[in-house]
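Here is a short briefing for a first look at this structure.

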Amino acid sequence: MFVFNINHLLHYLLLGSTLSAVAAGLSAARTLASIHTRSKLVAAVFIVVAGGFGYWIADGVGQLCPSLAQ
């Protein structure tokens with residue numbers, strides 16, 4: 001799974017999609033962390049980072065939960 005996420009990271013970098021590459025990198029880091037630890041604190045950190053990243057790049061509330069925006 002880690003290699004799969006790294007593959008996506010490289011794919012998005014080659015396409016020039018920096019935001020997607022950052023998200024894929026975060027996913028790769030989460031996968032690597034989950035291989036090495038079972039800490040709920042580490043899981044909480046990744047949830048907070050992913051949520052903060054999503055909040056930072058969203059243009060509006062509808063983008064945070066698109067299924068409810070319709």
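Contact here means heavy atoms within 4.5 Å. The model is predicted. Helix H1 covers residues 2-15 and helix H2 covers residues 18-36. Helix H3 spans residues 40-57.

**H1 against H2**
- The two helices pack at an angle of about 165 degrees. Their axes lie 8 Å apart.
- Angles over 145 degrees count as roughly antiparallel, so H1 is roughly antiparallel to H2.
- The crossing of H1 and H2 is left-handed.
- On the H1 side, the contact uses Phe2, Asn5, Ile6, His8, Leu9, Tyr12 and Leu13. H2 answers with Ser20, Ala21, Ala24, Gly25, Ser27, Ala28, Thr31 and Leu32.
- By class, this contact of H1 with H2 has nine nonpolar residues, six polar ones and no charged ones.

**H2 against H3**
- The axes of H2 and H3 come within 10 Å. They cross at roughly 175 degrees.
- That angle makes H2 roughly antiparallel to H3.
- H2 brings Leu19, Val22, Ala23, Leu26, Ala29, Arg30 and Ala33 to the contact. H3 brings Val42, Phe46, Val49, Ala50, Phe53 and Ile57.
- The contact of H2 with H3 has 12 nonpolar residues, no polar ones and one charged.

**What the record says**
- An unreviewed UniProt entry lists residues 12-29 and 41-58 under "transmembrane region".
- Over residues 12-29, the chain is 89% helix and 0% strand. The end C-alpha atoms of this stretch are 16 Å apart.
- Over residues 41-58, the chain is 94% helix and 0% strand. Here the end C-alpha atoms are 26 Å apart.

**Confidence**
- The mean pLDDT of the protein chain is 87. A value of 70 or more is reached by 87% of its residues.
- Confidence is highest in H1, at a mean of 94.
- Confidence is lowest in helix H5 (residues 66-69), at a mean of 64.

Terms used:
Residues numbered from 1 in each chain as written. Predicted model: local features only at pLDDT ≥ 70, side-chain atom pairs only at ≥ 80, totals over all residues. Heavy atoms only, no water. Axes fitted to C-alpha atoms, helices over the stretch in contact; angles between N-to-C directions. Helix = DSSP H or I, 4+ residues; strand = E, 2+ residues; numbered from the N terminus. Parallel < 35°, antiparallel > 145°, perpendicular 65-115°, else oblique. Left-handed = near helix turned anticlockwise from the far one by under 90°. Nonpolar A, V, L, I, M, F, W, Y, C, P; charged D, E, K, R; others polar. UniProt positions renumbered as here; feature names shortened; annotations may be inferred. pLDDT = per-residue confidence, 0-100.
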